[in-house]
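Hello,

Please find the structure below. Notes on what was found in it follow.

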Amino acid sequence: LGTVAGEQVAVVTDGTDVLYAVAPEGADNWTVVAGTMASLGVAPWYGSEPIQVYIIGSDARPGQSVTGYRADSHHIVTLAADGSAGSIVGIPRDAYVTTPEGTRGKFTNVMASNGPERVVATAEILTDLQYEGYVVTGFKGFVDLVDEFGGFEVEVPVRLNDDAAKAYINAGVQTLNGTNMLAFARVRKTIQGGDFTRQFHHGVIMQWGLHAVQQKGVTAIPTLLQMLERHAITDLTATQLLRITGAMSHVEPFEMTNVVVPASNGTAGGAYVARLGDGAFEIFADLAAGPYVPEE
């Protein structure tokens, strides 16, 4: 049991059967919103297909407005409604985009003074996808979330020695606390691929984070959602959060596609921008049907 987004939430288990339910605060009338009844041969169901969620990493430092600062990390998490598959698709922070008002510029600047709703609205124009909602966190929220969770294992692909990010981390699978996880997430100047590789690393962190969450079991979901609420900002409802985390409980984290859409270097108004090409829009089109799976 827990309280999330102003509603009571529950995860009820009986053997392999799992039901997810919500109720207004103080009420006894629970509504089952998702679940699986394997004992009755009922397939898992977690809402409409596919489930699309927009994940935003704010560049806000402690004391700065998380939702009123630059958005330096952009990811589309897509899940099949039965939890059979998922993908993580990153978008370069310097992608040249058009806002709902018709303004052109870098994606990273869209959230500043405008909030995450404008980021999602811009992403919907760019990708031609509809999102369930967003989750956004800044430096402090990210560190505190990882630390309250207790840290978790992650595979660092290469040895990191980056003064700007304060990242001094060996390669390999290891348990990182919030400070070192943030340092890993921030490195871009001393790695091949720069910001594109940094966005890919964010997907790696998400995969290992999901792995750590799954190890706690589905009955931990209400507590973990309350933890998320303490350290991140979201417009997702309790029902949506239960459906998303329920679907995630089935996904094999390391089989999720983790890619950053391709882009070419360009300039606009004398500033560097990343111009998305046909390859990026082909990926967005594939996401409309479900999690992205690259052609072999």
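Are Arg198 and Asp195 buried or exposed? Both Arg198 and Asp195 are buried, where buried means under 20% relative accessible area, exposed over 50%, and partly exposed in between (1.4 Å probe, protein chains only). Their side chains form a salt bridge, 2.8 Å from N to O; the term stands for a side-chain nitrogen of Lys or Arg within 4 Å of a carboxyl oxygen of Asp or Glu. Because Arg198 and Asp195 are three residues apart in helix α4 (residues 194–216), about one helical turn separates them. Salt bridges with shared partners join Asp72, Arg93, Asp94, Lys106, Asp195 and Arg198 into one network.

Before the rest, two remarks on the source. The model is predicted, and local features need pLDDT of at least 70, side-chain atom pairs count only at pLDDT 80 or more, and totals for chains, interfaces and linings use all residues. Residues are numbered from 1 along each chain as its sequence is written, and side-chain values use heavy atoms, with hydrogens and water left out.

Overall shape

The secondary structure of the protein comes to seven helices and 19 strands. Helices (H or I, at least four residues) and strands (E, at least two) are DSSP runs, numbered from the N terminus. The radius of gyration is 19 Å, close to the 19 Å that the globule rule gives for 296 residues, so the protein is as compact as a globular protein of that length. That radius is taken over C-alpha atoms, and the rule is 2.2 Å times the number of residues to the power 0.38. Along the principal axes, the C-alpha atoms fill a box of roughly 60 × 45 × 40 Å. Buried residues make up 50% of the 296 residues.

Other salt bridges

The whole structure holds 10 salt bridges. One of them pairs the side chains of Glu101 and Arg118, at 3.0 Å from N to O. This pair links distant parts of the chain, 17 residues apart: Glu101 is in the loop between β9 (96–98) and β10 (104–106), and Arg118 is in helix α1 (residues 116–127). Glu101 counts as exposed at 54% relative accessibility, whereas Arg118 counts as buried at 17%. Arg61 and Asp59 also meet through their side chains in a salt bridge, at 2.5 Å from N to O. Here Arg61 is partly exposed at 33% relative accessibility, and Asp59 is buried at 8%.

Surface charge

Asp278, Glu282, Asp286 and Glu295 form a negative surface patch. Patches are made of residues with over 30% relative accessible area and no salt bridge; like charges are joined within 9 Å, and nonpolar side chains (Val, Leu, Ile, Met, Phe, Trp, Tyr) within 5 Å. Glu295 is in the segment after α7 (278–287) and is exposed, with a relative accessible area of 79%.

Backbone details

Glu49 and Pro50 are joined by a cis peptide bond, with omega about -10°. Pro50 lies in the loop between β5 (42–45) and β6 (51–58). Asp128 is not a glycine but has a positive phi of about 60°; Asp128 is in the loop between α1 and β11 (133–137) and counts as exposed at 68% relative accessibility. Lys166, also a residue other than glycine, has a positive phi near 55°. Lys166 is in the loop between β13 (160–162) and β14 (167–169) and is exposed, with a relative accessible area of 60%.

Regards

Terms used
Areas by Shrake-Rupley, 256 points an atom, 1.4 Å probe, with all protein chains shown as cover. Lys, Arg positive; Asp, Glu negative; His and termini not counted. Charge placed at Lys NZ, Arg CZ, Asp CG, Glu CD.
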